[in-house]
Amino acid sequence: MLDDIDRRILRLMQADPAISLPDLADRAGLTVGKCARRIEWLRESGVLIGQEVVIDWRALDYAVHVSLRVTLDKTIVRAFDEFIAAARLVPEVIEIQTLLGRVDVRLSVIARDLGHYQAIYRDQILMLPHIADIESLMTVAVVKSDEALPL
Amino acid sequence: MTELDDIDRGILQALQADGGLSASELGRRFDLSQPAAWRRVRRLQEEGVIAGQRVRLDAGKLGFGVTVFLGVKLATKGRVSLEDFERAVTAIREVQTVELVLGLYDYRLRVVARDLADFERVLRRRIMTLPGVGNVEANVLLSEERRPGPL
């Protein structure tokens with residue numbers, strides 16, 4: 001089980017992923033050795049999966065970000081599997097989520113500009129199998145994106 | 001815009017999978033000296049392609065069993081109400097991401113909760129009481145995968 005000190009370590013790491021071990025130990029009120037052992041344990045137990053870099057696609061000239069909300073034809077038994085397998089092959093799809101609600105699957109799609117988006121949508125997205133309905137939300141601004149858990 | 005060569009793309013893919021890779025490890029993988037690998041990562045950071053790092057935690061193991069995407073429509077619009085809404089919504093700890101979108105909804109939120117009862121509490125007490133909030137649609141996240149993108 002996690003205790004308050006483990007939670008404090010994870011909170012500090014969430015707030016500053018690049019924090020050094022001595023700083024982290026200091027702010028968690030631990031010796032470096034004890035702090036390192038706790039981090040090791042958090043990794044071994046699978047709570048702490050690792051670190052990932054956040055890529056800003058705008059810096060690579062991908063200015064358009066669209067959230068596509070897809071309803072699938074559920075009369076087809078393998079609709080989910082086949083749709084997702086095909087969506088994985090579209091390089092501009094950067095996230096695939098399955099959902100329970102009015103929408104079945106959500107895809108995050110990036111494109112260089114609206115013309116490029118239109119081409120991806122027409123030539124690749126609409127070709128994906130078993131789509132019953134599709135709606136799009138275009139991201140205008142990201143207001144908050146830290147994805148931190150409220151520990 | 002930033003021009004990438006094949007090695008830059010490889011480095012970005014490797015860091016997407018494991019953001020904790022050291023310059024010497026990247027150097028080994030891409031047949032570069034450690035300083036050369038470090039300079040490439042540094043350049044990607046300086047040019048904003050690598051926007052930051054994120055700690056990956058297992059939300060389920062930390063007791064957050066439910067993630068819900070909310071589409072929120074504002075009842076009243078105007079600059080002031082958008083600002084009021086954004087200020088209030090970003091302050092909610094359970095709200096991980098907030099995007100201003102064009103389409104059926106005005107905002108897209110990602111919300112974590114311990115379970116459905118906890119989600120209902122967050123929805124009733126925090127989301128539905130936000131300034132200007134109108135219609136809300138909820139979809140519960142079942143599965144999620146991030147793709148490397150067009151690298």
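A: **A close look at Ala117(B)**

Ala117(B) counts as exposed because it has 9 C-beta neighbours inside 10 Å, and the cut-off for exposed is 12 or fewer. Keep in mind that this is a predicted model. Ala117(B) sits in helix H5 of chain B, which covers residues 116–127. Now look along the chain to Val66(B). Val66(B) and Ala117(B) are 51 residues apart in the chain, and their C-alpha atoms are separated by 9.9 Å.

Step back to the domains. Chain B has domain 1 at 6–46 and domain 2 at 66–140 in its domain assignment. Taken over C-alpha atoms, the centres of these two domains of chain B are 38 Å apart. Chain A is divided too, into domain 1 (4–44) and domain 2 (57–138). For chain A, 38 Å separate the domain centres, again taken over C-alpha atoms.

Next comes the contact between the chains. Chain B gives 55 residues to the contact and chain A gives 52 residues. On the side of chain B that touches chain A, the elements giving two or more residues include helix H1 (6–17), helix H4 (79–90) and strand E5 (133–146). E5(B) supplies the largest share of that side, 10 residues. By type, the residues on that side of chain B are 25 nonpolar, 14 polar and 16 charged.

Strands also link the two chains. Strand E1 of chain A, residues 48–55, pairs with E1(B) in the antiparallel sense, over seven bridges. One pair to find is Glu52(A) and its bridge partner in E1(B), Arg54(B).

Technical notes:
Residues numbered from 1 in each chain as written. Chains lettered and ligands numbered in written order. Predicted model: local features only at pLDDT ≥ 70, side-chain atom pairs only at ≥ 80, totals over all residues. Domains from an automatic or database assignment. Helix = DSSP H or I, 4+ residues; strand = E, 2+ residues; numbered from the N terminus. Buried ≥ 20, exposed ≤ 12 C-beta atoms within 10 Å, placed from the backbone. Contact = placed C-beta atoms within 7 Å. Nonpolar A, V, L, I, M, F, W, Y, C, P; charged D, E, K, R; others polar. Pairing = 2+ DSSP bridges.
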